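Hi,

Here is the structure I said I would pass on. Have a look at it first, and my notes follow below.

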Amino acid sequence: MKARIVVTLKNGVLDPQGKAIEGALEALNIKGVSNVRQGKVFDVDIFTDDSVAAKQNLQAACEKLLANTVIENYSIEI
Amino acid sequence: MKSAIIVFPGSNREFDMARALERSTGRSPEMLWHADHDLPAGTDLVVLPGGFSYGDYLRCGAIAGRTTIMEAVRKHAARGGLVLGVCNGFQILCESGLLPGILMRNANLRFICKMQYLRVEQNNTAFTRNYESGEIIKVCIAHGEGNYEADETTIEALEKDGRVAFRYCDAAGLIGGRENPNGSRNDIAGIYSQQRNILGLMPHPENLIDPLVGGTDGLKLFESLGSAAA
C-alpha cells in the first residue's frame, strides 16, 4: 500500500522561504501568484492491507517525527 | 563537575566545548556517541554542542532529538541534572521537547556568522551565577535557523516566569529592532526549562573563552557551571 504525507506550515506562521519564492516568481514575470507557503511531501510504502491500521501508524510517524506540530500541520493520503 | 558531551554525526563544535569545560572545571568531559544508551554514572552536566547533526535533514535537530542517547538525557534532566544546548544543541532540545518552541529559518534567509551583544537576563541560575543580571556580553553567533518561535501562551509563560536567559541587544544594551539578527520572537537568544536546569541558546559562549580569539565573555557561563556542582 502506498501513502503520501503532506506537511505544511500552520496558518500565521511566518514562512520566509515562501516569501523568497514568491519574490522569485514575481521576478520571473509569473503574475497573480501570492501567499506562497513551502511544505514537504513524503511518499512511503506500508506493509499492510488494513488502511485504518496504516493511517494510525502514519499518524504516529507524523506526531513523533515527520511534523513538528508546534508550527506544522500534516495530512495523510492512502 | 563531571560533564559529558554528546556527539552526533555532523556535530562540529564539540572540541571548542570540551576546551571551555576543561578550562573552567579542570576536568575533561566524556565524549559520548549518539547511539550510546547511558550517561556515565555521576554525570552532572550534559552538553549538546553546535553543528549540523544529521545534515539538518528533515528539520534542524529533528533526528538527533529522537536518538537513543536523548532518552538518557531526558532522564538526566528529569532528575534535575544540568543540560546545556548550544546552537544546533538548542535546536535539538526544542525538537526533543525538553524546551518549548522551535528555531525557524532566519528572517533574512541568510546564514549569519558575526559577533553579537547579548543581555544576561538574570543570574540566579546554575549557568549564569557568575554574571551580573542585566550584564551585556559579546559573543559570536553562527546559524541559519535561530529565529525562535512559539505560540502566544508559551511566550507569555516564558516571560512571566523569567525563563528568557539571554536577549540580543546592542553594545549599550538596547534591545529590539536592528540588533535582533534573526527575527527571533522578543529578541530571545536563549531560554531555560521550567526548573532552570536546562539552558538552550543560539550564540556560542564556548568560542569566547580566550583573549587570543576576540574575548572572554563566554567564560563566566562555564565558570558558573564549574562552581554550580563542585
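Let's start in chain A, with Arg4(A): its bridge partner in S3(A) is Glu77(A). Keep in mind that this is a predicted model. Strand S1 (residues 2-9) of chain A runs antiparallel to S3(A), and six bridges link the pair. Both belong to an open sheet of three strands, ordered S2-S1-S3 (chain A) and paired in the antiparallel sense. At the edges sit strand S2 (40-45) and strand S3 (72-77) of chain A, each pairing on one side only. On average, neighbouring strands here are turned by 20° against each other, direction ignored. Helix H2 (residues 51-66) of chain A packs on this sheet, touching S1, S2 and S3 of chain A, and its direction makes about 35° with that of S1(A).

Now for where the chains meet. Seven residues from chain A and eleven residues from chain B make up the contact. On the chain A side, helix H1 (residues 16-27) gives the largest share, three residues. That side has five nonpolar residues, two polar and no charged.

Just after H2(B), look for Gly80(B), with a positive phi of about 95°.

Cheers

Definitions and conventions. Residues numbered from 1 in each chain as written. Chains lettered and ligands numbered in written order. Predicted model: local features only at pLDDT ≥ 70, side-chain atom pairs only at ≥ 80, totals over all residues. Contact = placed C-beta atoms within 7 Å. Helix = DSSP H or I, 4+ residues; strand = E, 2+ residues; numbered from the N terminus. Nonpolar A, V, L, I, M, F, W, Y, C, P; charged D, E, K, R; others polar. Pairing = 2+ DSSP bridges. Axes fitted to C-alpha atoms, helices over the stretch in contact; angles between N-to-C directions.
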